[in-house]
Amino acid sequence: MASSPSFLLLVALLALVSWQAVASDPGPLQDFCVADMQSPVRVNGFVCKNPMEVNADDFFKAAALDKPRVTNKVGSNVTLINVMQIAGLNTLGISIARINYAPLGQNPPHTHPRATEILTVLEGTLYVGFVTSNLPAPARNKFFSKVLNKGDVFVFPVGLIHFQFNPNSHQPAVAIAALSSQNPGAITIANAVFGSDPPISDDVLAKAFQVEKNTIDWLQAQFWENNHN
């Protein structure tokens with residue numbers, strides 16, 4: 001049966017609505033919607049502050065992103081500037097992070113459930129990569145990796161597991177990342193699986209990872225440090 005123009009229009013409209021429904025952050029309907037952190041109203045994001053009460057400080061933070069940070073035991077420190085630090089980011093769909101890497105340090109495998117990330121190396125060298133989702137073979141869990149030098153840029157698609165590693169045993173590295181959400185979130189895989197509160201059953205994890213339960217118990221007994229500030 002031939003498709004009528006009205007039917008094609010309906011399909012196009014449904015496609016547009018569906019795309020908007022799965023977008024990472026809602027699009028703004030005004031110039032800005034500075035988050036009102038004091039409002040008792042709970043919405044997806046934050047209620048807008050009265051625009052008559054907005055001032056330049058709502059769009060500003062003296063974040064000192066040019067200063068080095070102390071890294072943790074995995075050898076990294078992520079300083080994230082999102083809507084919780086700058087209220088003016090509410091509804092704008094963007095945030096930024098500085099990442100410091102110690103020699104041989106890493107930002108361990110993690111995901112951002114609500115954001116694509118674009119990373120720029122400012123100093124040093126990074127080995128980076130991401131893994132695709134459980135797609136049909138042969139694309140299933142395909143690993144993409146690259147060695148980045150100063151000035152190089154790499155993109156990590158939304159929701160996919162990715163990492164960065166400094167392969168230099170003598171020099172630190174620094175990167176800046178932009179993320180396509182006012183609140184991208186971060187799930188560090190090891191922390192979430194082995195450091196959850198309360199712990200996931202070792203029966204479940206032993207079966208999932210195909211190892212002995214005492215191996216899972218040992219992993220769950222470790223201190224899983226958060227490298228995000």
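This is a predicted model: local features need pLDDT of at least 70, side-chain atom pairs count only at pLDDT 80 or more; totals for chains, interfaces and linings use all residues.
Local features were considered only at pLDDT of at least 70 and side-chain atom pairs only at pLDDT 80 or more, whereas totals for chains, interfaces and linings use all residues. Residues are numbered from 1 along each chain as its sequence is written, and side-chain values use heavy atoms, with hydrogens and water left out.

Rings of Phe, Tyr and Trp (its six-membered ring) were paired if their centres lie within 6.5 Å, with planes under 30 degrees apart counted as stacked, over 60 as edge-to-face and the rest as tilted; by this rule there are seven aromatic pairs. One of them joins Phe130 and Phe144, whose ring centres are 5.1 Å apart with planes at 25 degrees, so the pair is stacked. Because Phe130 belongs to strand 5 (residues 126–131) and Phe144 to strand 6 (residues 143–148), this pair ties together parts that are 14 residues apart in sequence, strands being DSSP runs of E with at least two residues, numbered from the N terminus. Phe130, Phe144, Phe154 and Phe156 form one aromatic cluster.

A nonpolar core is a set of buried Ala, Val, Leu, Ile, Met, Phe, Trp, Tyr and Cys residues joined through side-chain atoms within 4.5 Å, where buried means under 20% relative accessible area (1.4 Å probe, protein chains only). The largest such core has 19 residues, and Tyr101, Leu119 and Leu126 have the most contacts inside it. Strand 9 (173–179) is among the strands that each supply at least two residues of this core, and strand 9 gives the most, with four residues. Apart from this core lies another, of nine residues, including Val54, Ile86, Ala87 and Leu89.

Note on methods:
Buried means under 20% relative accessible area, exposed over 50%, partly exposed in between (1.4 Å probe, protein chains only).
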